[in-house]
Amino acid sequence: MKKLMVGMALTATLATAVTPGFGSIGGNQEKAYAAATVTYKVTASKLNVRSGAGTTYGIIGSVVKGQTLSVMSKSGSWYKINYNGRTGYVSSDYVQASGTATPPAESTTYTVTASTLNVRSGAGTNYASIGSVTKGQKLSVVSKSGSWYKINYNGRTGYVSSDYVQASGTATPPAESTMYTVTASTLNVRSGAGTNYASIGSVTKGQKLSVVSKSGSWYKINYNGRTGYVSSDYVQASATTSPKLVVDSFKTLGNAQQVILVTADNYDTKSAKIQTFEKVDGKWKQVLTANGVLGQKGFALSKKEGDMESPTGKYTIGTAFGRYANPGTKLPYRKITANDVWVDDSKSSLYNTWQQKPANGRWRSAENMDIPAYDYGFVINYNESRTPGKGSAIFFHVGTNYTAGCTATSKEQVVSILKWLNPEKNPVIIQSPVSELDKY
C-alpha cells in the first residue's frame, strides 16, 4: 500500500545512501525529488474522526473547519489520516483537496475463510508448515506469488493459499516476482518515505530486501519486524523464478491438465494432505491445499473389500453426486435419492455399481448412498473392471474423521473442488504415500 504524507506546503523526498568509496551521502549532497503538492482541509465546522472507514466505527476525536489533515490513503468515501499519532478515518465529503494528486486506495482486507489454514515457509505445499491461521482472522498481506499470499506471521514471513482468503476492496498486493538487492555499501532505512524521517537502521550491499510497496522513489520494506523505507535509487530489482511444484516431476500425467494429489506421510496414517494443480499455458499452477482423511487404516498396499484402507494409484474422475442440487460442477452430476445404493457384494453381477433398491435378489449387500457423508462428492474410478473382492464404492466425499476406504475432506473443500473440476481437462486423482511419488 502506498502512503502519501502531505502537509501545508510542498514536501521534498530525499534519497540517503552511502556509495562505495565516497562515504556517507548526506546533507545538501542528497538527491532531492519533488512530491505532489496536495493539501487536505476540513470544510465542516466539526468533523468526527473514527477508528475505521464507516460510521459504525467508534469516534476517537474530531477536527475543525480549516484544519489541515495528514492523509495517508483513501478507502471508498473515507480518508485514512494521521490523528495525534494514531490512525483515524474521516469522511471525504467534508474534506477539500487542493492539487492534482490523490491518495492511493487503502489496502484490501484479507480474511481467512477456511476453518484452519496452514502458514508455510514458502509459496507451495512442498514447504514446511510454520503455523496456522483460523477462520475470520485478518492477515497482513505483503504480496502475491501465483496462488499464494506472502504474509507477516508472528514477526516472520509466511505464505498461505489465496484460495482460502477473501479479499475485500479493490487494491491487490504486488506480485512477488522480483528480488530486491541493495547496491550501496550502506543504505539508511528510515521511518517514512523521505529523508526528513528519522533513520531506524541500515542495510548493506548485497542484502536482500522484503519490499511491500513503492511510494515515489522509496521502497516500503519489512525491516527487523517493523516498517521501514529505503531509496529505490540504491536498490536493484531483478526477476525471480517460481518454486518447483511436485507435479512438475510427474511423468505419467499424459494429457491430464488437472490433478488432485492426495498424500500421506506413510501407509498407516489416516491423515492426508489434498492438493490440486492445473496446467495453464503449459505450466502447472497450484490451486488448492487442504487437510483430508483416508480409510481408518490408511493406504492399502493391495486393496481388498472391507479392509478399511484407501487405494493408492492414479485414477480418472467419475460421476459427481450429492443429496442436493448440483453445486456448480461441470462433471456429470447425479442427485442421490433414498433408494440409491452402491453394490458391495463381490458375488453379485452388479458388484461396484450404482443401483436402486429394492434388491430383488440381485445382491446381498449394498451401501446406502443417502447419508451425510455423501452430501457432495465424486466417484474415483477404481476397480472399473469390477474384479470381485478388489474393493468397491471408492469416492471422494465429505468427512473429517476417517473413511471405510474413500478420501474425504470438509464439505467446503469438496464443493470447491467440484466447481473447479473440468472434464475437458482430463482430470485425474493420484493417491500415494509421499515416499512413493516418484512412481508418477
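I started at Lys80, which stands opposite Tyr89 in E10. Strand E9 (residues 78–83) and strand E10 (residues 86–91) pair in the antiparallel sense, over six bridges. Two strands pair if DSSP finds at least two bridges between them. Helices (H or I, at least four residues) and strands (E, at least two) are DSSP runs, numbered from the N terminus. E9 and E10 make a hairpin with two residues between them, and Asn84 in the turn has a positive phi of about 50°.

**Ground rules.** I noted that this is a predicted model, where local features need pLDDT of at least 70, side-chain atom pairs need 80 or more, and totals for chains, interfaces and linings use all residues. Residues are numbered from 1 along each chain as its sequence is written, and side-chain values use heavy atoms, with hydrogens and water left out.

**Confidence.** I looked up pLDDT, the predictor's confidence in each residue, from 0 to 100. The protein averages 83, and 85% of the residues score at least 70. Over residues 1–36 the pLDDT is below 50, yet this stretch has 101 contacts in the model beyond near neighbours in sequence. Contact means heavy atoms within 4.5 Å. Where pLDDT is low, the predicted coordinates should not be read in detail.

**Whole protein.** Of the 440 residues, 47% count as buried. My cut-offs: buried is under 20% relative accessible area, exposed over 50%, partly exposed in between (1.4 Å probe, protein chains only). Among contacts between residues at least 6 apart in sequence, 58% join residues at least 24 apart.

**Aromatic rings.** Rings of Phe, Tyr and Trp (its six-membered ring) pair if their centres lie within 6.5 Å; planes under 30 degrees apart count as stacked, over 60 as edge-to-face and the rest as tilted. By this rule I get 13 aromatic pairs. I picked Phe321 and Trp354: their ring centres are 6.1 Å apart and their planes at 85°, so the pair is edge-to-face. The pair links distant parts of the chain, with Phe321 in strand E31 (residues 313–322) and Trp354 in strand E34 (residues 354–356), 33 residues apart. Phe321 is buried at 0% relative accessibility, and Trp354 is buried at 11%.

What sits over the ring of Trp354? I found the charged end of Arg334 there, 4.0 Å from the ring centre. The rule is that NZ of Lys or CZ of Arg is within 6 Å of the ring centre and within 35 degrees of the ring normal.

Most residues other than glycine have a negative phi, and most peptide bonds are trans. A cis peptide bond joins Lys357 and Pro358, with omega about 5°; Pro358 is in the loop between E34 and E35. Asn383 has a positive phi of about 50° although it is not a glycine. I placed Asn383 in the loop between strand E36 (376–380) and strand E37 (395–398). Arg386 lies in the loop between E36 and E37, and its phi is near 60°, also positive. Is each one buried or partly exposed? Asn383 is buried, at 10%, while Arg386 is partly exposed, at 34%.

**Last stop.** Asn368 is in strand E35 (residues 366–368) and counts as partly exposed at 33%. Leaving aside neighbours within four places in sequence, Asn368 is in contact with Ala338, Asp340, Val341 and Tyr374.
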